[in-house]
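This report describes one protein model, going from single positions to the overall fold and back to selected residues. Please read it alongside the sequence and the coordinates.

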Amino acid sequence: MRWKLLDAGPPATYAIVLATGDEVMRELGHIVREQKIEAASITAIGAFERAVLGYFDWETKEYKRNPVEEQVEVLSLLGDVAVSDEGPALHLHAVLGKPDGGTVGGHLLEGHVRPTLEITLIEPPAHLRKRKDPETGLALIDLERS
């Protein structure tokens with residue numbers, strides 16, 4: 001993994017390049033904690049050798065894990081970083097392109113990079129705050145606290 005602060009801002013802008021074998025959630029989480037990033041928007045493109053996507057099951061209030069066990073292109077990866085009660089929280093969604101031209105998408109739970117993932121992280125001047133929503137059990141952006 002390599003990263004560079006492109007502009008101290010505000011907004012601060014980071015370029016992050018992950019390499020073969022890097023796991024996105026672990027590596028990105030490390031940067032967010034190390035740099036004390038409490039709010040950001042994230043976009044990325046690249047490829048995974050395998051991934052796990054999640055689908056939020058409204059009835060159980062848990063993510064159904066959907067493994068993707070093949071090389072795929074990351075056609076779109078979008079998300080954010082916001083402060084939750086436990087500290088900075090990553091929330092990423094991905095659309096992955098399969099070899100046959102089909103796609104699969106969902107909440108990114110794991111993404112194992114091959115050969116690269118190029119990420120742009122933009123930290124806005126105002127911080128987004130999340131709180132646990134009692135109805136869904138999800139950490140959602142709280143505009144009253146942001």
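## Positive phi at two lysines

Lys36 sits in the loop between H1 and E3. The model is a predicted one. The phi angle of Lys36 is near 55°, a positive value in a residue other than glycine.

Lys61 is placed in the loop between E3 and strand E4, which covers residues 62–68. With 31% relative accessibility, Lys61 is classed as partly exposed.

## Order of elements and overall dimensions

The protein has 1 helix and 9 strands. Read from the N terminus, the order is β-β-α-β-β-β-β-β-β-β.

For 146 residues, a compact globule would have a radius of gyration near 15 Å, and the protein agrees with this because its own value is 15 Å. Along the principal axes, the C-alpha atoms fill a box of roughly 45 × 40 × 20 Å. Among contacts with a separation of 6 or more, 63% are between residues 24 or more positions apart.

## Surface, burial and charge

Of the 146 residues, 38% are buried.

The protein carries 16 positive and 24 negative charges. The mean position of the positive charges and that of the negative charges are 3 Å apart.

## The helix and its packing

What caps the N-terminal end of H1? The cap is Glu23, which has a side-chain oxygen 3.2 Å from the backbone nitrogen of Met25. Met25 is itself one of the buried residues of H1.

H1 spans residues 24–34, and its buried residues are Val24, Met25, Glu27, Leu28, Gly29, Ile31 and Val32. Which strands do the buried residues of H1 pack against? The partners are E1 (2–7), E2 (12–19), E3 (40–57), E5 (72–84), E6 (87–97) and E7 (103–123).

The peptide bond joining Arg114 and Pro115 is cis, with omega at about 0°. Pro115 belongs to strand E7.

Glu118 lies in strand E7 as well. Glu118 has a relative accessible area of 44% and is therefore partly exposed. Leaving out residues up to four places away in sequence, Glu118 touches Ile16, Thr43, Ala44 and Ile45. Glu118 and Gly46 are 72 residues apart in sequence, while their C-alpha atoms are 6.1 Å apart in space.

Apart from neighbours within four places in sequence, Val72 is in contact with Ala47, Phe48, Leu96, Gly97 and Lys98. For one of these residues, Ala47, the separation from Val72 is 25 residues in sequence and 5.7 Å in space, C-alpha to C-alpha.

## Val95 in strand E6

Val95 is located in strand E6. A relative accessible area of 36% makes Val95 partly exposed. The value falls in between the limits of 20% for buried and 50% for exposed.

Which residues does Val95 touch, not counting residues up to four places away in sequence? They are Glu73, Val74, Leu75, Ser76, Thr103, Val104 and Gly105. The C-alpha atoms of Val95 and Leu78 are separated by 9.0 Å, and the two residues are 17 residues apart along the chain.

Note on methods
Residues numbered from 1 in each chain as written. Predicted model: local features only at pLDDT ≥ 70, side-chain atom pairs only at ≥ 80, totals over all residues. Heavy atoms only, no water. Buried < 20%, exposed > 50% of the residue type's maximum accessible area, 1.4 Å probe, protein only. Helix = DSSP H or I, 4+ residues; strand = E, 2+ residues; numbered from the N terminus. Contact = heavy atoms within 4.5 Å. Polar contact = N/O pair within 3.5 Å; in protein donor to acceptor, adjacent residues only side chain to side chain. Rg over C-alpha atoms; globule rule 2.2 N^0.38 Å. Lys, Arg positive; Asp, Glu negative; His and termini not counted. Charge placed at Lys NZ, Arg CZ, Asp CG, Glu CD.
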